[in-house]
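My entries follow in the order in which I checked them.

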Amino acid sequence: MTSEAKCPFHHAAGNGTANRDWWPNQLRVDLLNQHSGKSNPLGEAFDYAAAFKTLDYAALKADLVKLMTDSQDWWPADFGHYGPQMIRMAWHAAGTYRLSDGRGGGGRGQQRFAPLNSWPDNVNIDKSRRLLWPIKQKYGQKISWADLFILAGNVALESMGFRTFGFAGGREDVWEPDQDVNWGSETAWLGDGKRLHGDRELDRNLAATHMGLIYVNPEGPNASGDYLAAAKDIRSTFYNMAMDDEEIVALIAGGHTFGKAHGAAPESHKGPEPEGAPIEAQGLGWISGFGQGHGKDTVSSGLEVTWTKTPALWSNNFFENLFKFEWELTRSPAGAKQWVAKDAPEIIPDAHVPGKFHKPTMLTTDLTLRFDPEFGKISKRFHEQPQAFAEAFARAWFKLTHRDMGPKARYLGPEVPAEDLIWQDPLPAAQHAPTAADIASLKASIAASGLGVGELVSVAWASASTYRGGDKRGGANGARLALAPQKDWAVNRRAVQVLPKLVEIQQASGKASLADVIVLAGVVGVEQAAKAAGVIVTVPFSPGRVDATQAQTDVSSFAVMEPVVDGFRNFRGGPIGAPTEALLVDHAQQLTLTGPELTALVGGLRVLGANADDSGHGVFTDRPGVLSNDFFVKLLDMDTVWAATDATAEIFQGRDRKTGTVKHTGTRNDLIFGSNSVLRAYAEVYASADGRQRFVKDFVAAWAKVMDLDRFDLRA
């Protein structure tokens with residue numbers, strides 16, 4: 001009676017063969033359901049910004065300063081100071097950011113969860129988080145883990161004599177691992193071979209050279225010890241994070257001014273990572289069986305390197321040592337390749353044994369900063385100009401730890417720098433304050449402009465749908481659709497053609513920004529289309545957007561945001577490395593949309609005629625420009641039979657089942673709403689006889705949400 005067969009627990013809920021096992025290519029619509037209110041223990045009403053504003057910020061920083069030198073027996077501080085490991089924790093929290101899709105980074109506290117909490121490159125960072133727990137416990141929800149990770153790194157720097165550029169809070173925790181981030185296709189940590197895009201460079205969609213690394217292998221490519229070959233990897237991965245050569249040198253040298261790497265013994269002594277550790281480990285991983293398992297016996301990276309004479313104080317000694325000595329390849333006690341200064345005195349203090357000293361040591365990638373010609377020039381300048389180095393590191397550290405936070409409107413706290421930085425996508429002060437009468441007059445001018453519903457909707461969508469939930473970039477505020485590079489994107493050709501008329505209306509009125517007028521164009525189009533469908537709606541509109549200048553626009557970092565495909569506008573500009581419909585879901589996830597919102601928006605945009613090239617694909621209606629549910633009704637009609645037009649299976653014809661007459665054409669972005677069982681379930685709601693008004697209501701709500709995604713000023 002006690003056998004497993006009698007166990008009342010339904011084991012299939014946690015085990016058993018899942019849908020993904022049977023159908024591994026199944027579309028991941030579930031990505032749109034992550035981070036819902038069901039996983040948030042604070043409830044959807046919790047306002048983190050309001051809670052942060054009640055924080056005793058000075059007291060918190062004082063407690064962090066005390067923590068830095070309060071060495072614990074269970075994990076003793078190197079050199080009597082936890083600062084270096086707190087810097088590493090903050091660095092590795094932020095360092096997963098990649099410019100290409102805005103995902104990763106420290107803005108959501110993801111370092112608490114797998115895979116990041118168990119990455120080989122994050123070995124023993126779990127100890128840093130546990131050291132912080134008493135402080136997090138004390139201040140509770142007034143400070144998120146995400147903010148605390150970064151602030152601890154800042155305070156660590158300050159407590160070791162460095163002047164930081166500033167700090168901004170505002171990173172709100174999530175409560176489960178991100179499922180939308182592509183960490184790579186490898187099935188093993190730190191496997192052989194680099195992630196290449198073609199045969200030329202590292203895949204820009206991934207921020208590190210190997211799964212399990214934050215950046216690159218410190219022993220050089222494939223642990224070769226080749227410091228010149230390492231330069232390409234270093235540049236590729238840092239460029240993927242929007243860092244230039246000067247920032248790269250400053251960050252590596254600045255980080256390696258402090259602390260040490262740990263390789264007291266072979267890594268075989270380390271136990272399993274946190275996610276693989278037994279339950280009694282209570283979330284701690286990499287428990288070492290070598291010696292005491294910590295302090296002088298710590299085994300982390302496998303490298304045993306201390307860079308400077310004052311590893312718990314800011315100095316220029318990293319560059320002094322780098323250029324003063326010649327370097328000889330050696331191996332750490334763990335067998336890893338590293339470098340030792342030839343014929344050098346023992347001037348580097350031991351981390352735990354008073355009075356013991358070592359010769360200077362360096363990583364392979366440290367030597368890259370000297371011997372690569374371009375890095376070498378920068379390093380030499382920093383060596384000769386310590387203040388320039390300090391300034392560069394302060395700014396690069398701030399960028400590293402704040403790059404994924406979005407505009408300054410999201411920044412919280414007393415240490416927010418006043419200076420506007422180009423990578424923050426700065427916006428000017430508001431020049432307009434349109435009244436209700438001004439808005440009504442503008443809407444009337446737009447309605448009388450001769451622009452069709454498809455044009456009005458297309459231009460507003462093109463402006464707003466650039467938003468990325470990962471790093472809070474893009475969106476309609478700033479009217480960057482009218483600026484390079486967005487005005488030159490292939491996907492925006494139709495939308496940009498509408499701009500001259502809207503500029504004319506905006507300038508004639510003088511009552512609102514162009515950004516507001518662009519969004520109002522969409523409002524007018526949607527309201528006209530709903531009225532034509534027999535439903536009177538008022539589309540929500542919040543004025544107050546501003547117009548950025550070209551000088552306020554970082555062209556190079558915006559350029560990587562250009563979509564190769566945009567399923568919402570049925571645009572496909574070239575070959576892609578994933579199914580077209582998967583990138584539609586990916587875009588929806590970046591727009592923070594739910595499955596029903598995605599469905600309503602695509603169905604509405606099709607009947608409104610918003611395709612990027614004004615094609616008829618997916619326009620399953622005889623009434624284009626009317627906000628009807630025809631897209632869903634016609635797609636689910638069993639009188640239509642679909643077939644691909646060629647071997648690519650990207651474009652399809654829908655023929656009458658009886659006569660064979662072509663009735664419609666559509667793309668994978670259209671047919672997926674009939675093919676995928678989850679999306680079909682949503683489509684059936686809107687195709688039903690009682691679904692027409694629901695569809696209009698849901699479309700308007702989802703539309704308004706997208707238009708306001710970047711209006712952080714409204715939520716401040």
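Which residue in strand 12 does G654 stand opposite? I looked this up and found that G654 stands opposite H664 in strand 12.

Before going on, I noted that this is a predicted model, in which local features need pLDDT of at least 70 and side-chain atom pairs count only at pLDDT 80 or more, while totals for chains, interfaces and linings use all residues. Residues are numbered from 1 along each chain as its sequence is written, and side-chain values use heavy atoms, with hydrogens and water left out.

I found an open sheet of 3 strands in the order 10-11-12 with antiparallel pairing, where strands are DSSP runs (E, at least two residues) numbered from the N terminus, as are helices (H or I, at least four), and two strands pair if DSSP finds at least two bridges between them. Strand 10 (640-644) and strand 12 (662-667) are the edge strands, each pairing on one side only. Neighbouring strands here are turned by 25° against each other on average, direction ignored; axes are lines fitted to C-alpha atoms, for helices over the stretch in contact, and angles run from 0 to 180 degrees between N-to-C directions. Strand 11 (residues 651-656) pairs with strand 12 over 5 bridges, in the antiparallel sense. Helix 21 (residues 668-675) packs on this sheet and touches strand 10, strand 11 and strand 12, contact meaning heavy atoms within 4.5 Å, and its direction makes about 100° with that of strand 12.

Strand 4 (residues 337-341) is joined to strand 7 by 2 bridges, and V340 stands opposite T361 in strand 7.
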